[in-house]
Amino acid sequence: MENAPVWSGPGKANKLIVLGIESSCDETAAAVVRDGRQVLSSVVASQVSIHHPFGGVVPELASRKHIEAIVPVVNAALAEAKIPTDQIDGIAVTQGPGLIGSLLVGFSFAKGFAYGNSIPWIGVDHLEGHINSVFLEADPPPFPFVALLVSGGHTSIYYVTSHVDYHLMGQTRDDAAGEAYDKVSKMLGLGYPGGVVIDRMAAEGDPSKIHFSRPFLDKQLFDFSFSGIKSAVSRYIQTHPDTFREDQAHIAAGFQAAVVEVLSHKIIHAVKKTGCSHLAVVGGVAANRGLRYAVSRKASKFGMKVHIPDIELCGDNAAMIAAVGYHRLKGHEHAGMDDDVYSRVKFKPTQKAFQSYVPL
Ligand code: KG4
Ligand code: ZN
């Protein structure tokens, strides 16, 4: 699409409607968002029941299910928003990172939809989507702010200076926090995905009964490591074969207390370092009740304002993708027919150069 249409008309500037599409992992999602802020519809078809028996996402099965779901999910999003196709001004679709086969389903659909309807389209980074999920809430943070992104695939802290500019301050060196939750759940025989189950179970246990050491690494810096704590839980289970089942809630509570203490310490420390007064917690693990409470409590001591999306906007969804797409399309960016998906995290040069922005 050499001469792809781009947004330019000033008269339309406040009435831009974007269709968002997300299919990076095991959720097929579509959403209609006005002006990058107002969610007119957000439909998410989860594949949890398909992958549950396997204890994790099976990539081949995920791609096939996305193919089955994509058209009904987009139709449902358009119907719910009461927006006919010819009123869609642009399409935003997750380009990566994620499972290649899964990404390709949404990406190819978006390409075809944009071409068929002669509207501009844009590939969006999934992580950028999570960061922007806070702008779908009533009281979004002003720039700059610091964001803790905690999901099944990523755990990182960003200094966010605009909707599309963010600078990496630290990230996990091994497992993501959500991945650790999922693995601990599997070890306890509680199935996939594990975050919600462990969160619920932790509320019934005593976090001081079983202590897991806190993997702070350097307390002054912002990198994480969660593989050690996962191994500590595994060792505990192996050395307590007769009692670990009845102590499940205490194990969950002890594990969650350790993870939450590290995450909340690092995000608060990052906010102090940057001199910001607003912070956001985004991604699937931002739904965690222990984390939401701990960050809010610590932040209030220092007069910081916390922004955490509603639970349904924490996990993967297409509204956050549409929100980013709005800003990128408004900036006259658009994708071309040769564009392709990518599986791994893409770092912008500015992310590596964070130290030059804020001396640590
Ligand atoms: O953002 P997301 O939906 O997908 C990725 O981009 O990875 O995050 C999914 C992750 C899973 O690891 C899931 O176990 C975790 O978020 N999760 C939770 C909770 N709800 C979902 N982890 C802890 N507590 C929760 N309440
Ligand atoms: Zn995600």
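Colleague: Which residues coordinate the zinc ion (ligand 2)?

Modeller: In this predicted model, the zinc ion (ligand 2) is coordinated by His-126 through NE2, His-130 through NE2 and Asp-316 through OD, at 2.0 to 2.1 Å. Along the chain, the donors follow the spacing H-x3-H-x185-D.

Colleague: What makes the arrangement around the zinc ion (ligand 2) irregular?

Modeller: The arrangement is irregular because of the angles that the four donor atoms subtend, which run from 96 to 135 degrees.

Colleague: Why are His-126 and His-130 separated by about one helical turn?

Modeller: Both belong to helix 4 (residues 126-132) and are four residues apart, so about one helical turn separates them. His-126 and His-130 are also both buried.

Colleague: Against which helices do the buried residues of helix 6 pack?

Modeller: They pack against helix 5 (177-187), helix 8 (248-274) and helix 9 (289-301). The buried residues in helix 6 (residues 195-202) include Asp-199, together with Ile-198, Met-201 and Ala-202.

Colleague: Why is Ser-185 called buried?

Modeller: Buried means under 20% relative accessible area, and Ser-185 has 0%, so Ser-185 counts as buried. Ser-185 lies in helix 5. Beyond four places in sequence, Ser-185 touches Leu-190, Gly-191, Gly-194 and Ile-198.

Colleague: What makes His-66 buried?

Modeller: The limit is again 20%, and the relative accessible area of His-66 is 0%, which means that His-66 is buried. His-66 lies in helix 2 (residues 59-81). Its side chain forms a polar contact of 2.9 Å with that of Thr-28. Other contacts of His-66 beyond four places in sequence include Ser-23, Cys-25, Gln-47 and Val-105.

Colleague: Why is Glu-333 called partly exposed?

Modeller: Glu-333 has 34% relative accessibility, so Glu-333 counts as partly exposed. Glu-333 lies in the loop between helix 11 (319-330) and helix 12 (349-352). The side chains of Glu-333 and Arg-328 are joined by a polar contact of 2.8 Å, and Glu-333 also touches Ile-122. Although Pro-120 is 213 residues from Glu-333 along the chain, their C-alpha atoms are separated by 9.0 Å.

Colleague: Where is the pLDDT below 50?

Modeller: The protein chain averages a pLDDT of 92, and 92% of the residues score at least 70. Over residues 8-13, however, the pLDDT is below 50, and this stretch has four contacts in the model beyond near neighbours in sequence. Where pLDDT is low, predicted coordinates should not be read in detail.

How values were computed. Residues are numbered from 1 along each chain as its sequence is written. Chains are lettered from A and ligands numbered from 1 in the order in which they are written. This is a predicted model: local features need pLDDT of at least 70, side-chain atom pairs count only at pLDDT 80 or more; totals for chains, interfaces and linings use all residues. Side-chain values use heavy atoms; hydrogens and water are left out. pLDDT is the predictor's confidence in each residue, from 0 to 100. Contact means heavy atoms within 4.5 Å. Donors are N, O and S atoms within 2.8 Å of the metal (3.2 Å for Na, K and Ca); water is not among the atoms, so sites may look incomplete. Four donors count as tetrahedral if all angles lie between 85 and 135 degrees; four count as square planar and six as octahedral if opposite donors are over 155 degrees apart and all others between 65 and 115; anything else is irregular. Helices (H or I, at least four residues) and strands (E, at least two) are DSSP runs, numbered from the N terminus. Buried means under 20% relative accessible area, exposed over 50%, partly exposed in between (1.4 Å probe, protein chains only). A polar contact is a pair of N or O atoms within 3.5 Å; within protein, one must be able to donate a hydrogen and the other to accept it, and residues adjacent in sequence count only if both atoms are side-chain atoms.
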